[in-house]
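The following note sets out points for a colleague who is reading this model.

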Amino acid sequence: MTSKRNGRTAALFIAPSFIPLLAFFVLPMIAAAVLSFTSWDLLSPPHWIGFANFKQLIHDKEFLHSLINTLVFIAGYLPIVYFLGLSAALALNRKFKGSGAMRAMYFLPVITSWVIVALLWKWILNPSGGLVNSALHVIGIQGPGWWTSKSWSMVSVIIPSAWKDLGYVMLLLLAGLQAIPPEYQEAAAIDGASKRQVLFKITLPLLTPATFFVVVISLINNFQVFDQIWVMTAGGPEGSTNVVVGEIVRNSFDYGHMGYASALSMVLFLIIMIVTGVQIRLQKRWVNYE
Amino acid sequence: MSKSANTRKSPKPKYFTIFFGFVMLFPFFWMISSSLKNGVEAFATPPTLFPKHPTLENYRHVFQALDWPRLFLNSISVTVVCVALQLFTSALAGYAFARLNFRFKNIIFMIYLATMMIPMQVIIVPLFIEMRQLNLIDSLVGLGLPSIVTAFGVFLMRQAMFAIPRELEEAAVLDGASHIRMFFSIALPLCTPTLAALAILSFMSVWNAYLWPLIVIFSPEKMTLPLALSNLHGENLTDWPMVMAGTTIAVIPIALIYLILQKQIAQSFLTAGLKG
């Protein structure tokens, strides 16, 4: 076959995805990088200001606050979702009557949209008349203000996030558990290891590839957290749940600071690149592929 | 099927597992229960598990508040078109990368791989400006355009196309089949499991999308379900039983699809997970 003919066919096959890819991913990415060095309010043409946006963001209290909030969100969310997901995976890693149905129960929130999850939990955590506070009232406890309170708002957005993603984490860890050859656990049991020892000395160490993957994917996804927070609190009250993407949206679409918002986007992109880079570098060292 | 060490020991589920499963489902139950309560009972202390005087009043209200046929039509049309285009463009490119030799193949593939790492959140500003230039703001076309291709889909289809046996291809070449014919009559049918997995993942991401619709759509008649639902609750006073009626209506079709396609959906999420 001549390479020319193949080339034409290839162009025919590639173009339908490559042209949109250039138009809606590559071009915007380049534009974001360029715009981050400009000042632009959409009304007058953008003008070049060099590194001014980046110098500004280092001292931008609201941006730093949103970055810290994002980290706090992840620090609260990740241990909960991992611990509960692991517990569910260990409990469901065997066949029993209805185990499929049980897995489905854990997985239903995963396929529900963030908007629905957020509305549902906003109602459950409603300070007056919401399920949680009404139930607390019955046993004589005055419930907190949840998403209306500066000190409880972060908890209020972490709970639904963990609830929604738990099933996905469970699924990934179940796949990891099933990849462990049962001989190891059986041999340890024959040698007189307790269930606890088998879990901590055999199962969990051999589960590190799946664990590592869960941690990386959670970091990448949740540095971009937005939907559920925007619906529940819109970043409030008093910025207590304002996250990086919320700050990008506010700067661009509320204040019209397109250049500055692009600079914030580049910082977010850099963070995600670093997480991905760390993943690629550490994968070999940390992970126990037998 | 691998059997783990405790497979044989405990055939019965632990009660805790069952209990926790119901805890996971409880918010959905509470959503439905609240949607059937009147305004007084919904906010009552102590809360009632089942509505004492079930009413469809909230559903009547939410049908007045939102144009449901239009919302479903918008969501379905954007999702169907985007998923179909994603499958088609991904399969075509996947075939080329797996089965054809051409110049700059590796460089072009590297561009696909690189775009896999670009999150929507990072390019949202220029994407909005681009749609504004194209005069596609506040239109379903502008809403759908960024979702007609997926680099991840191309990657996935390439893997699947690699698995097609050489002999099948050689036999087809001997029969004088062109690549276009081979694509449609051999490659596509053999890749249906991967296409199905990709279809499920694409469906989820387009159907549930919130950030991009929030930015690009303003008119109520152009909204998709998630966006319209998020607008149901007001700044101060929210009619929660009505909102719960709305979310119930939106959850039911998805839950039904899930019940039918449970296994395939779980499998496709695993496929997405194991891409790295």
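1. In which helix is the place of A:L92? The residue belongs to helix α3 (residues 61-92) of chain A, where helices are DSSP runs of H or I of at least four residues, strands are runs of E of at least two, and both are numbered from the N terminus. A:L92 counts as buried because it has 22 C-beta neighbours inside 10 Å; the term buried requires 20 or more other C-beta atoms within 10 Å of a residue's own, exposed means 12 or fewer, and partly exposed lies in between, with C-beta atoms placed from the backbone.

2. This is a predicted model, in which local features need pLDDT of at least 70 and side-chain atom pairs count only at pLDDT 80 or more, while totals for chains, interfaces and linings use all residues. Residues are numbered from 1 along each chain as its sequence is written, and chains are lettered from A and ligands numbered from 1 in the order in which they are written.

3. The predictor assigns the complex an ipTM of 0.89 and a pTM of 0.90. Chain B has an average pLDDT (the predictor's confidence in each residue, from 0 to 100) of 88, and 93% of the residues score at least 70. Within chain B, confidence is lowest in helix α9 (residues 166-174), at a mean of 82, and highest in helix α7 (residues 140-144), at 96. Over residues 1-9 of chain B, pLDDT stays under 50. Where pLDDT is low, the predicted coordinates should not be read in detail.

4. Apart from neighbours within four places in sequence, A:L92 is in contact with A:S99, A:M102, A:R103, A:L174 and B:T17; contact means that the C-beta atoms of two residues, placed from the backbone, lie within 7 Å. B:T17 also takes part in the meeting of α4(A) with α1(B), as does A:M102.

5. Helix α4 (residues 99-111) of chain A and helix α1 (residues 15-35) of chain B have axes that come within 9 Å and cross at roughly 35°. The axes are lines fitted to C-alpha atoms, for helices over the stretch in contact, with angles from 0 to 180 degrees between N-to-C directions. From α4(A), A:M102, A:M105, A:Y106, A:L108 and A:P109 meet B:T17, B:G21, B:M24, B:L25 and B:F28 of α1(B).

6. Between the chains, 83 residues of chain B are in contact with 81 residues of chain A. The largest share of the side of chain B that touches chain A is supplied by α14(B), with 15 residues.

7. In helix α10 (residues 179-190) of chain B, the residues B:H179, B:F183 and B:A187 are buried. They lie on the same side of α10(B) because they cover an arc of only 50° around the axis, the arc being that of the directions from the helix axis to the C-beta atoms. On the other side of α10(B), B:R181, B:S185 and B:P189 are exposed.

8. Most residues other than glycine have a negative phi, and most peptide bonds are trans. A cis peptide bond joins A:G236 and A:P237, with omega about -10°, and another cis peptide bond joins B:T45 and B:P46, with omega about -5°. B:N135, in the loop between α6 and α7 of chain B, has a positive phi near 60°. B:D138 is found in the loop between α6 and α7 of chain B and has a phi near 60°.
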